[in-house]
Amino acid sequence: MKAYVLHKIGDIRLENVAKPEPDRGEALVAVKAAGICGSDIPRVYRTGAYSYPLIPGHEFSGVVVKAGAGVEAGWLGQRVGVFPLIPCKGCLPCRNQQYEMCRHYSYLGSRRDGGFAEFVSVPIENVIRLPGNVSFEAAAMLEPMAVAVHALRRAGVATPDGPGRSGQTLAICGLGTIGLLLLMFLQEHALSNPNARYQILVIGNKDSQKRLAVEMGLPENGYCDSQKQDVGQWLKERTDGMGADIFFECVGKNETFVQALDHTAPGGNILLVGNPYSDMFLDRQVYWKMLRNQLTVTGSWNSSFTHDKEDDWHYVLDRLERNRIAPDRLISHKLLFEDLEYGLRMMRDKSEDYVKVMSM
């Protein structure tokens, strides 16, 4: 089969390699769509992988074409999405079904071969059947969509037992894929729950991001371009000087984290969603604000996939099946499999505006 093989940092090649054989409890999936995640760029070009050679790619969907021992034959021919985190099932978080916090996990595309290939072998426990009206492209975005939903639920929004927080101001800083998906699910949640009424404020830095946000229903005055406007002043004007009740920090930079601490209302909640670009430092005055404003700083990592209808992946799949969300509108580039490396380089060099780059 053909696959993109990472041999060392910066050395990724499209090669012919042996098609994997599914082990016991695994299924062989023919990949039909694979998205490039922002985390793939440093893995390929800067920080590297855990071991080499490695086939990257953890956002993908496809069709089950072969079943390993112990896998029901009924899976053959099934269209599936794939949860990329492979939990150990033995540590304390795993015993509590908090698999996203597993202490000894493996991971498709970073610790074992992933979806930048024609075929990939995956544990059958990690696949989810797709409804007929859910495209392979949308299913390849299940992972980032579930990450966004996980953050909303960590903030008390879109919880399974109620409408979540209402009458508050929610700010999203950073409009990459996850930030835009947060906005999409917040818009959907507000439409689905008449009692969930909140002001959404968004901070980005590109005209293309503003265009997408407005197309998704955000009022134009709800968007702040951090390259052209004073973010602090803009937030103060829209929150009566108090700040946002919930602040989603989706950038992962020291300055945006400090900005969140500066502009979250007393008693408010900061959701840390963005992977850190560098070390984080807080000066004394910023730390005082955390104490005096009694802020809650909450980490959000990955997503829940327990095969329960209330987990994050089933939440997303339900909205997709009912056409409540349209992640396809965030796909800025659709590339042939043979052109996937172009997408990697384009994202690395930021030579074009992009949101989700998809290989077909």
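Helices (H or I, at least four residues) and strands (E, at least two) are DSSP runs, numbered from the N terminus. The model is predicted: local features need pLDDT of at least 70, side-chain atom pairs count only at pLDDT 80 or more, and totals for chains, interfaces and linings use all residues. Residues are numbered from 1 along each chain as its sequence is written, and side-chain values use heavy atoms, with hydrogens and water left out.

H10 spans residues 312–321 and is mostly covered. Seven of its ten residues are buried (under 20% relative accessible area; exposed is over 50%, partly exposed in between; 1.4 Å probe, protein chains only). Among them are Asp-312, Trp-313, Tyr-315 and Arg-319. The cover includes strands E5 (79–82) and E9 (127–129) and helices H3 (136–139), H4 (142–154) and H5 (177–192). After H10 comes Asn-323, with a positive phi near 55 degrees.

H5 and H10 pack at an angle of about 70 degrees, with their axes 13 Å apart. Axes are lines fitted to C-alpha atoms, for helices over the stretch in contact, and angles run from 0 to 180 degrees between N-to-C directions. H5 is therefore roughly perpendicular to H10 (65 to 115 degrees; under 35 is roughly parallel, over 145 roughly antiparallel, the rest oblique). Phe-185, Glu-188 and His-189 of H5 make the contact with Tyr-315, Val-316 and Arg-319 of H10 (contact: heavy atoms within 4.5 Å).

The largest nonpolar core holds 58 residues. Such a core is a set of buried Ala, Val, Leu, Ile, Met, Phe, Trp, Tyr and Cys residues joined through side-chain atoms within 4.5 Å. Leu-142, Ile-172 and Phe-248 touch the most other members. Elements giving two or more residues include H3, H4, H5 and H10. H5 gives the most, with eight residues. A second, separate core of 41 residues includes Ala-27, Ile-55, Leu-335 and Met-346.

Leaving aside neighbours within four places in sequence, Leu-142 is in contact with Gly-81, Ile-128 and Leu-130, and also with Trp-313, Val-316, Leu-317 and Leu-320.
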